[in-house]
Amino acid sequence: MSRFCYNNGKIDINPSNISLLYSAAQFMEMDKSGSGNCNLLEKTKKSIEELSYWTWPDILVALKHCQDLEQVETSSGILEKCLDSLVGRLAMTSEASPCASTSSPDSSGFRLSCDTRSTKSLKNSFSRATWWFEDISVLNPNLIEMLIKSMVSREYNHVIISRFLFYYQKARFYSASSDEKRKVLEIVIDMLYTLDPSSISCKSLFGILHVVQSLNTRKSSRNKLESMIGSQMDQATLDNLLIPSPYGKSYLYDVNLVLRFLKAFLHGRGWQLSPMQMKKVASLIDLYIAEVAPDPCLKSSKFLALVMALPNSARDSWDELYHTMDIYLEVHTGLSEEEKMKICCALNYGKLSTEACIHLSQNAKFPSKSAVQALIFQQLKLKNLLQGANNTKLYTDSPCNFTETRDKAKKDKASEQIVLFSGRLDISADNEKLRAHLQGMQWRVMELEKICKKMLTQMAKITKSKVSSHSTARSLPRLCS
C-alpha cells in the first residue's frame, strides 16, 4: 500500500496480490472521492474484469490467496468470478486437456495441447477428463464445496465430479490433522449426496465408510453416507457388509448398520426398485445372514430382523434361509420355545422345497408345530397340483377317461386322508411319536407326487395324439357316394 501511495498510484496488480489489494482498498475507502488520483479500488476492479484473459495457473494462484481472506469471500466478487471462470474452462475442455498446469514450469497459459504427449493423452479418456484433479486439490474444503456446487449447477459430468471428490479426500488426508480430516470428509460426503447415485462408485463409498468410523463426523453426514450405500446395495459384496461391530459391542459384525442399509435400499430417495435388484440384494443378504448366524452373541431379535427385512417377493426359494435358521438354532441352544417359534414363523413354508420340508420335519431343533406347518403347505401344493391335472383332463376326450377318473378319485381320497390324518395329530403329544406320524405322511406325499407326475405325462401324450388325429382327419378328401 505504501508503494502505491508514494509512487503516484502506480503498482503492479497481479493474481497473487489482487485479492489483498482489493480488500485493503475497500477497507481504506481508496476510491476516487477519497483518494484523488490514487483510485486503487477502481484499478483492482478493472483487473478483475479482465479475468477472462488470465491463464489457468493465474486463476489458481488468485484462488489460493482468496481462500486466506474471509472478507474477500463475502464482500467482493473476486472469488465467485474466479470459480466461475474455472468451471467454465473445465466445461470447455471436457473433451481435451490443456498442456498448462501449475506443476509444469514451462506453462505459459490456458491452451490446448497439440504435441505428441497431448495426442497420447487424448487416447485415454480418463486422463483427458481428470487432468485438473491435482491442480484443484490444493484448495481448502470451503472452496471445494463452492466449486462442486457450481459444477453441479452447470450440469457437469457427475461421474467425473464423484471421482474428483474421492481423489480430493485421499490427497488431503496425507498431511491433515484429525479435525481437518473430519472437515474434508463431511464436505466430500455432503457433495456426493447431491450427485446422481448411479454416478458414484459403491466400492469407494465403503472405503469412506471405514474412515468415517474412526472419525467423529456429523450424524447428518453419516446418515447421508448410509443412504448412498443403501441405494447401491445391489452392487455391494459380502466382504463390503462384513463390517466389525463398534467398540464395546459383544457381537462380531455391525448388524444394525446393515439393517439401516436395507432400510435405505427399500425406502430411498424415490427410486423404483426392479425385481432383478430385489432378488440380487436378497441373495446377498442370505449370504450375510449365513455368515453372522454362528455368532453366539447375535440376539434372536436381530437375526429375525435380518430375515424379515426384505419382502417375501424378493426370494423364489427359502431353502437357504431355512438351513441358516438351522445353524442359528444349533448354536443358540439356550433360546426359549417362544423365541424359536418367532424365528420359525418368519419362514415362508410355501417356498420351501419338498426336500427342505422333509428335513424340517425330522429336525429336532425346530418346534413340532413348524414341522406340521411345513407338511400342511406341501399337502396343499399337492392338492393344487392334482386340481390342475383335473382341469387339464377336462379338455381331453379319449377312451382312458374312465381309468383316469378312477385314478383321480383314489388320489383325492388319499389326499383327504392326509388332511384328516394331520388334523388328528395331537401336537402336545410326545415328540418322537409325532415325528413317526409325520414320516408316514411324508411317504404318502411322495407316493402321490409320483402318481401325479405319471398321470400328467399320460394326459400330455393323449392330448398330443388327439391333436394329431384331428389334423389328419381334416386333410382327408370327402368320399363320393
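Me: Do helix 14 and helix 15 run roughly parallel or roughly antiparallel to each other?

Reply: This is a predicted model, in which local features need pLDDT of at least 70 and side-chain atom pairs count only at pLDDT 80 or more, while totals for chains, interfaces and linings use all residues. Residues are numbered from 1 along each chain as its sequence is written, and side-chain values use heavy atoms, with hydrogens and water left out. The axes of helix 14 (residues 202-212) and helix 15 (residues 219-230) come within 10 Å and cross at roughly 150° (axes are lines fitted to C-alpha atoms, for helices over the stretch in contact, and angles run from 0 to 180 degrees between N-to-C directions). Angles under 35 degrees count as roughly parallel, over 145 as roughly antiparallel, 65 to 115 as roughly perpendicular and the rest as oblique, so helix 14 and helix 15 are roughly antiparallel.

Me: How many charged residues are there in the contact of helix 14 with helix 15?

Reply: Helix 14 contributes L205, F206, I208, L209 and V212, and helix 15 contributes R222, L225, M228 and I229 (contact means heavy atoms within 4.5 Å). Ala, Val, Leu, Ile, Met, Phe, Trp, Tyr, Cys and Pro count as nonpolar, Asp, Glu, Lys and Arg as charged, and the others, Gly among them, as polar. By these classes the contact of helix 14 with helix 15 has eight nonpolar residues and no polar ones, and the number of charged residues is one.

Me: How many helices and how many strands are in the chain?

Reply: Helices and strands are DSSP runs, numbered from the N terminus, where a helix (H or I) has at least four residues and a strand (E) at least two. Of the 481 residues of the chain, 43% count as buried (buried means under 20% relative accessible area, exposed over 50%, partly exposed in between, with a 1.4 Å probe and protein chains only). The count for the chain is 25 helices and zero strands.

Me: What is the handedness of the crossing of helix 18 with helix 19?

Reply: Helix 18 (residues 275-292) and helix 19 (residues 300-307) pack at an angle of about 165°, their axes 10 Å apart, and are therefore roughly antiparallel. A crossing is left-handed if the near helix is turned anticlockwise from the far one by less than a right angle, and right-handed if clockwise. The crossing of helix 18 with helix 19 is left-handed.

Me: Which residues of helix 19 meet helix 18?

Reply: By class, the contact of helix 18 with helix 19 has seven nonpolar, no polar and no charged residues. Helix 18 brings I285, Y288, I289 and V292, and from helix 19 come F303, L306 and V307.

Me: How many polar residues are there in the contact of helix 19 with helix 20?

Reply: Helix 19 and helix 20 (residues 319-331) pack at about 175° with axes 12 Å apart, and are therefore roughly antiparallel. S300, F303 and V307 of helix 19 meet L321, T324, M325 and Y328 of helix 20. The residues of this contact include five nonpolar and no charged, and the number of polar ones is two.

Me: How far apart are the C-alpha atoms of Q277 and A314?

Reply: Q277 is found in helix 18 and is partly exposed at 23% relative accessible area. Not counting residues up to four places away in sequence, Q277 touches D234, F265 and Q272. Q277 and A314 lie 37 residues apart along the chain, and their C-alpha atoms are separated by 8.8 Å.

Me: Is S85 buried or exposed?

Reply: S85 lies in helix 7 (residues 78-92). Leaving aside its neighbours within four places in sequence, S85 is in contact with L51 and I59. At 13% relative accessibility, S85 counts as buried.

Me: How many disulfides does the structure hold?

Reply: A disulfide is a pair of cysteine sulfur atoms within 2.5 Å. The cysteine sulfur closest to that of C345 is in C344 at 7.1 Å, too far for a bond. The number of disulfides in the structure is zero.
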